[in-house]
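Trainee: I have a new model to read. Where should I start?

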Amino acid sequence: MRQKHEGGDKMRAEKERIIQQSVDELWNKGDVSLADRLYAPNFINHDPSNPDVTNLETFKQWVLFLHKVFPDFHVTIEDTIAEDDKIVKRWRVTGTQKDTFMGIPPTGNGITLEGIAIYRFEEDKIAELWWGYDVFGMLQQLGAFPPKE
């Protein structure tokens, strides 16, 4: 069993605070100006569903786009696990489609999407981020595929 160290607990708490602030301000309010304070300038994004969203600038544009498509876009952190310089976040997103998304015209449909994000920190900045979520399920909720029988 790993021993806890007070300094490690403080660092973990600070990283969790940074992630919560990112969720509250960047993701839930769409305030991309915060990204420059919380994310490293050389930030790398790994999202198989969005291969063009790789750096901080394209990441900020993606957040703005999501808020245009889903004006009520809302992220909730369900759970976090920390290890060394990484924090894993299990999350849930809700929103209502009001603009074209992945070729799907506005449907007015609500979505609920769950996934995992792995954050790697350098000092007190988010340096790298890996995503895993059910894109097919989200597209199904938007009516792009017939529902499961």
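Mentor: Buried means under 20% relative accessible area, exposed over 50%, partly exposed in between (1.4 Å probe, protein chains only). This is a predicted model: local features need pLDDT of at least 70, side-chain atom pairs count only at pLDDT 80 or more, and totals for chains, interfaces and linings use all residues. Residues are numbered from 1 along each chain as its sequence is written, and side-chain values use heavy atoms, with hydrogens and water left out.

Trainee: Which residues does phenylalanine 59 touch, not counting residues up to four places away in sequence?

Mentor: Contact means heavy atoms within 4.5 Å. Phenylalanine 59 touches Leu26, Trp27, Tyr39, Phe43, Asn45, Val53, Leu129 and Trp131. Asparagine 45 is 14 residues away along the chain, yet the two C-alpha atoms are separated by 7.3 Å.

Trainee: How many residues does the largest nonpolar core have?

Mentor: A nonpolar core is a set of buried Ala, Val, Leu, Ile, Met, Phe, Trp, Tyr and Cys residues joined through side-chain atoms within 4.5 Å. Here the largest has 38 residues. Phe59 and Phe101 are among those with the most contacts inside it. Helix α3 gives the most to this core, six residues. Helices (H or I, at least four residues) and strands (E, at least two) are DSSP runs, numbered from the N terminus. Phenylalanine 59 sits in helix α3.

Trainee: What is phenylalanine 101 in contact with, leaving aside neighbours within four places in sequence?

Mentor: Its partners are Trp62, Phe65, Leu66, Val69, Phe70, Met138, Leu139 and Leu142.
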